[in-house]
Structure formats: C-alpha cells, structure tokens
Amino acid sequence: MPEAPKILSDSADCIDDIVVENNNKVLKFIEDVTADADEVQRRVLSEILSRSANVEYLQRYGLNGCTDRETFKKVIPVVTYEDLKPDIERIANGDTSPILCSQPISEFLTSSGTSAGERKLMPTIEEELGRRSLLYSLLMPVMSQFLPGLDKGKGMYFLFVKSEAKTPGGLVARPVLTSYYKSSHFKNRPNDPYTNYTSPKETILCLDSYQSMYSQLLCGLFQNEDVVRVGAVFASGFIRAIQFLEKHWSLLCKDIRTGTIDSKITDPSVREAVMKILKPNPKLADFVEAECSKGSWKGIITRLWPETKYIDVIVTGTMSQYIPALDYYSNALPLVCTMYASSECYFGINLNPLCNPSEVSYTLIPNMAYFEFLPVTRKDELTGSISEPTALNDKEKQQLVDLVDVKLGQDYELVVTTYAGLYRYHVGDILRVSGFKNKAPQFNFICRKNVVLSIDSDKTDEVELQNAVKNAANQLLQYEASLVEYTGYADTSAIPGRYVLFWELSVKDSTLIAPAVFEDCCFTVEESLNSVYRQGRVCDKSIGPLEIRVVENGTFNMLMDFALSQGSSINQYKTPRCVKYAPIIELLNSRVISSYFSPKCPRWTAGHKQWCTQN
Ligand code: AMP
C-alpha cells in the first residue's frame with residue numbers, strides 16, 4: 001500500500017521541487033537509520049523500557065526500570081500470544097491500569113493469526129499510527145528511484161475496511177488496515193501526487209464489500225488513462241477485483257455510458273463521491289465493453305489501463321501462489337512487493353522493488369521496534385516444516401541475536417519488542433537473511449511458522465486442521481469407515497481458491513456411504529476451522545467451498561515411497577499435512593476415487609464469539 005511523504009503545498013510551480021526534495025530526504029533517512037542500525041536499536045529499546053518502567057508486566061519480571069539490552073534479555077522471557085492472553089483479556093475486559101504499556105491502549109488490532117480459533121488481539125496505542133505512516137511514507141521515494149513519473153499519474157488501489165467489534169471493556173477491535181484507513185492519517189492526508197488514488201475515500205470506507213468493490217472499479221475504469229500503477233494489499237485481493245470485473249463489466253459499462261451509478265449502490269456517501277467523478281462517456285464505455293467481451297482476459301490490465309507500469313501487491317509467502325494468474329492478467333507487468341508489516345508492528349520495506357518476486361527482500365527499519373532473532377533450522381524441504389527450540393532455557397534466551405548480528409543465509413524467527421507493549425514477542429514468521437543495506441539486514445520472507453493451508457489472509461495450522469479433520473471423520477464411524485491418512489493443499493487454480501483434502505479410508509463397503517455424508521464432512525471441517533477462514537468463506541467470499549477427495553487404498557504408502565526416494569529418512573517420515581510439491585499433488589490426484597464439496601457456508605460473526613458486534 002503506497003503512502004506519501006508529507007507535502008504541504010499544492011502550488012503547481014513548486015510541487016516538482018518539493019517532491020524531489022522530499023524523496024531525497026526520505027532516501028537520506030533510510031541511509032542514516034540503516035548505517036546506524038545498532039545504535040538506533042539500542043535507543044529504541046531504551047526508549048520503550050524507560051517509558052514502560054512502571055508497567056505491571058515488566059515489574060512482574062523485576063526489570064526495575066533498567067533500560068539496557070543485557071538486563072532486558074536476562075530477565076524478560078521470550079513469549080507467544082498464549083503467554084500474554086491473561087493480560088490481554090484483562091485489558092479487553094476494561095482494566096485500564098498500565099498492564100503492558102504506560103500509554104493508554106487505544107484499540108485492539110485483530111490479527112489474521114488466531115488463538116483458540118479466534119483472531120489474536122494486539123494492543124496498540126495512538127502514536128503507532130504515526131509509525132505506520134512513517135513506513136508508508138518511505139515507499140514511493142524508493143519506488144521513484146526506479147520508475148520516474150509516478151507522481152504524474154494515479155494509483156488504482158483496491159482497499160477495503162472490515163467490520164469491527166467492541167471488547168466487553170469497550171475497546172474497538174478491528175484489523176490494522178481498517179484502523180489505518182479510518183484514521184485521520186489516511187482520511188485527511190495532505191494533498192500530494194503520490195496519494196492520488198482513483199478510489200475516493202468514501203468508496204474505501206464503505207463496509208459493504210459489493211458496493212465498495214463496484215464503486216472502486218467504476219472510478220478506476222472511468223479514470224483509466226490516468227492510472228500508472230495498480231494494486232491491493234495482497235495478491236489475492238487484487239485478483240478478486242479482476243474477477244469481480246469479469247462478472248460485472250456490463251453493469252459498469254452502462255454506468256460509464258450514462259454517467260449514473262447503479263441502483264444497487266445505495267450508500268449515499270459513496271454515490272455522492274462517485275458522482276463527483278463520473279460523467280457520461282459513451283466512447284470509454286464502448287472501449288471497455290469491447291475489451292471485456294473479447295473472450296480472453298489475458299493482459300486485461302494493460303488493455304484497460306494502458307499506462308500501468310507495475311502491480312503493487314504482496315506476492316511473497318503464501319501469496320506466491322497467485323503469481324501465474326497476475327502474470328496472465330497483466331502480460332507479466334512487474335509485480336512489486338513494497339513492504340512487510342503486521343498487526344503487532346510494521347517491520348520493513350523492499351529497497352529493490354523491481355526485483356523478481358522470488359528475490360524480494362525486506363530491510364527492517366530499525367526505528368520501528370526492537371528486533372531480535374531466534375535461529376531456526378530447516379528440517380524437511382519436501383514438506384517445508386521448520387524445527388526450532390520450543391521452550392527456551394536461560395542459555396537459549398541469550399542466543400537470540402540482535403538485528404545487526406544476524407548471519408547471511410541463516411533462517412530466523414522474528415521476535416519483537418514494541419512501543420505498544422509487546423516484549424520479546426514471537427511474531428511467528430520465519431525470515432532468511434539475504435543481504436545487508438549498510439548495517440541493517442535484509443530478509444526473504446520464508447513462511448509463517450506452522451501454517452499448513454492458506455488461501456487469503458487465513459492461516460490454518462496443523463493442529464487446527466487435525467482437529468477439524470477429526471471432528472469430520474467421526475461422522476464416518478457409524479458407517480464402519482475410518483480415516484486412515486489425510487493431507488491437504490490450497491488449490492488456487494480457480495478463483496476463489498479452496499482447501500482440498502485427500503482422504504484415504506478404511507471401509508467395509510463404500511457404497512453404503514451416501515455422497516451427502518462426505519459433503520457433511522466437508523462442512524464439519526469448515527465449521528471447525530478458525531474465524532479468519534470462516535470470514536473468508538462467508539463475508540469476503542475469498543475462499544471457495546472445501547473439497548474432500550477420497551483416494552484409493554495404498555495411496556499414502558506410495559506417498560511415503562516417493563518421499564523416501566527423494567531422500568527422506570524412514571525413521572523420521574511423517575505424513576505431511578500439507579503438500580505443495582507438484583509431483584506429489586499429481587500422484588494424489590491420479591488416485592482419486594470420488595470428490596465432494598461443502599454444500600453451504602459455515603457460520604461466522606464479527607468479533608470474538610462472546611462479544612456483541614458493533615456493525
Ligand atoms: P496480520 O497480523 O493479520 O496483519 O498479518 C501479518 C502477517 O502477514 C505477517 O506476520 C506475515 O506472516 C504476513 N505478511 C505481512 N506482510 C507480508 C509480506 N510482505 N510477505 C509475506 N507475508 C507477509
């Protein structure tokens with residue numbers, strides 16, 4: 001997501017000079033903080049700890065107001081969300097004492113990572129919005145070094161807000177981007193050429209996803225010749241927009257032709273904002289209609305938005321599965337991953353944005369938080385699983401390395417200490433050091449720890465999948481059938497993508513089991529998965545119905561033989577709960593006897609199960 005340096009004047013004469021001056025300032029800032037990375041990190045930690053000297057959490061461990069790294073590392077444990085849950089629940093229930101942070105918790109950011117099936121709640125404070133804006137403000141000056149002229153056109157970005165809830169204590173809980181788009185940092189951003197988007201803010205802030213998408217596409221199409229870059233946050237979101245266009249282009253063309261907006265768009269603020277832009281344009285309507293009705297959608301992005309120079313979407317991590325579709329729709333325009341961020345903290349940016357997606361590396365910006373790194377070793381390349389020490393003893397705690405001490409080529413798990421009250425917190429991401437910008441390391445994003453299946457922002461781990469499959473397979477017992485083995489993969493060959501599970505059964509007479517039983521199993525798996533998955537199915541429609549493919553007996557033995565032939569050790573072999581390697585998927589598919597889909601959407605409501613919802 002792009003954002004801009006603060007340009008306060010909009011006088012046409014001086015705007016070019018201001019842009020250049022501001023770009024130079026930003027690039028110098030990046031040079032300075034990366035050259036002085038260790039000192040910046042020392043200062044950040046000392047600032048966080050001196051501000052938080054009175055907080056209950058640090059007092060509990062006896063930090064006693066110390067602000068140096070050595071004492072901090074000695075006395076403060078490395079933790080996960082589960083360790084913090086009791087403190088977080090107290091805050092959610094209305095305890096306003098300084099439990100984690102001396103500044104008031106302004107809201108909770110609901111992470112796409114889950115705990116007990118519900119989104120994790122990340123406390124945040126007002127000033128963090130400024131830190132997020134700072135990271136956004138670095139992106140376009142970096143980009144402009146590689147592609148000049150971006151300040152002369154518009155960005156067509158599909159950005160959305162999601163529903164929010166209130167905790168029992170009255171704090172708002174919502175995703176980090178919803179919080180950002182609703183903040184004055186975004187809504188009242190100063191006029192400048194890098195935040196010139198085709199979508200009026202009212203279309204982004206509309207909670208109804210159909211109206212929001214429709215109106216953003218309408219404005220993007222109407223201003224097609226001004227668009228120089230297009231994007232969304234994640235690749236999956238951008239592809240969803242193109243798919244929406246495939247379905248609704250004739251309605252959109254009608255609106256462009258007549259200069260009116262379809263009656264399904266009922267939000268008055270959206271209608272008003274769009275009508276300020278839209279005028280009847282039959283020529284453009286003919287053009288869009290001709291392109292969209294050609295049959296092939298290959299290169300549709302460059303056909304409809306001919307000046308587009310790149311697609312700004314995250315295609316690292318699990319999003320890499322969407323690269324072929326993006327290449328197809330754009331005739332292989334550059335795919336640009338600009339930043340790496342999370343609800344806990346915004347981490348870093350890509351200083352070489354035109355690089356190949358497989359080479360993307362993020363430079364962590366040393367003043368965003370205090371960063372530490374836990375070395376991890378890669379266990380099994382075939383299944384992609386990672387091994388790392390689980391319970392850290394005192395010695396291991398000291399082995400977490402500082403930002404400037406990581407080693408080239410080594411994998412690490414990221415641990416952060418933030419201004420908002422997380423201390424030595426496992427983010428859950430595995431990163432590999434790919435190089436250095438001055439003293440600051442650059443990292444390839446390798447994977448999210450433990451995640452086996454993901455289509456959009458859902459992250460299903462092995463334990464969740466195991467429980468969901470167990471709940472479903474229990475239904476087979478009454479038919480004297482049982483599940484022998486299973487594995488899964490995220491099938492994104494069609495949009496929306498879906499979870500596919502391969503099941504091998506032990507069964508007396510398979511003809512006694514009606515298809516409806518397996519369909520029920522699909523549904524039970526979905527009902528048992530976490531709330532981010534169910535939201536993707538129900539609300540965002542970004543995930544399609546789950547599929548179970550029953551495979552012939554002996555298939556999983558063949559899978560094991562295959563793994564052994566590739567060098568796995570027979571003593572250590574375990575059935576992978578997710579498969580990504582194409583020959584394995586081919587093998588499984590070649591043994592499918594029958595397949596079934598979930599017949600309906602699982603249940604989902606905004607907010608944690610026990611809270612009332614706001615929207
Ligand atoms: P959330 O807390 O829901 O905002 O999700 C944050 C997580 O999304 C991170 O911890 C990563 O696992 C993932 N993520 C964010 N940015 C990137 C990126 N540029 N590449 C790959 N994964 C990312």
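Modeller: A polar contact is a pair of N or O atoms within 3.5 Å. The model discussed here is predicted.

Biologist: How far does a polar side-chain atom of S111 lie from an oxygen atom of the ligand?

Modeller: The cut-off for a polar contact is 3.5 Å. The pair formed by a polar side-chain atom of S111 and a ligand oxygen atom has a computed distance of 3.3 Å.

Biologist: What distance separates an oxygen atom of the ligand from an N or O atom in the side chain of D429?

Modeller: D429 is among the residues that come nearest to the ligand, in a group with S112, T316, S343 and Y362. For S343, a side-chain N or O atom is 2.8 Å from an oxygen atom of the ligand. For D429, the corresponding distance to a ligand oxygen atom is 2.6 Å.

Biologist: What percentage of the area that the ligand exposes when taken alone does the protein bury?

Modeller: There are 15 residues around the ligand. By class, this shell holds seven nonpolar, five polar and three charged residues. Taken alone, the ligand exposes 500 Å², and the share of this area buried by the protein is 90%.

Biologist: Which strand gives the largest share of the shell around the ligand?

Modeller: Strand 1 (107–115), strand 9 (339–341), strand 16 (425–437) and strand 17 (440–448) each contribute at least two residues to the shell. The largest share amounts to three residues, and its source is strand 9.

Biologist: How many charged residues are in the lining of the second largest cavity?

Modeller: The second largest cavity has a volume of about 60 Å³. Its lining consists of S236, R240, Q243, Y322, I495, P496, G497 and S542. By class, three of these are nonpolar and four polar, and the number charged is one.

Biologist: How many charged residues belong to the lining of the second largest pocket?

Modeller: This pocket has a volume of about 360 Å³. Of the 19 residues lining it, R189, N191, T195, N196 and Y197 are the closest to its centre. The lining divides into six nonpolar and six polar residues, with the charged ones numbering seven.

Methods. Residues are numbered from 1 along each chain as its sequence is written. This is a predicted model: local features need pLDDT of at least 70, side-chain atom pairs count only at pLDDT 80 or more; totals for chains, interfaces and linings use all residues. Side-chain values use heavy atoms; hydrogens and water are left out. On a 1 Å grid over the protein atoms alone, a cavity is a set of points where a 1.4 Å probe fits but cannot get out, and a pocket is an open set with protein on both sides within 12 Å along at least five of seven lines; lining residues have an atom within 4 Å of a point. Grid points are joined across faces, edges and corners, and a volume is the space filled by probe spheres set on the points. Ala, Val, Leu, Ile, Met, Phe, Trp, Tyr, Cys and Pro count as nonpolar, Asp, Glu, Lys and Arg as charged, and the others, Gly among them, as polar. A residue is near a molecule or strand if one of its heavy atoms lies within 4 Å of it. A polar contact is a pair of N or O atoms within 3.5 Å; within protein, one must be able to donate a hydrogen and the other to accept it, and residues adjacent in sequence count only if both atoms are side-chain atoms. Accessible areas come from the Shrake-Rupley method with a 1.4 Å probe; for residues, only the protein chains shown count as cover. Helices (H or I, at least four residues) and strands (E, at least two) are DSSP runs, numbered from the N terminus.
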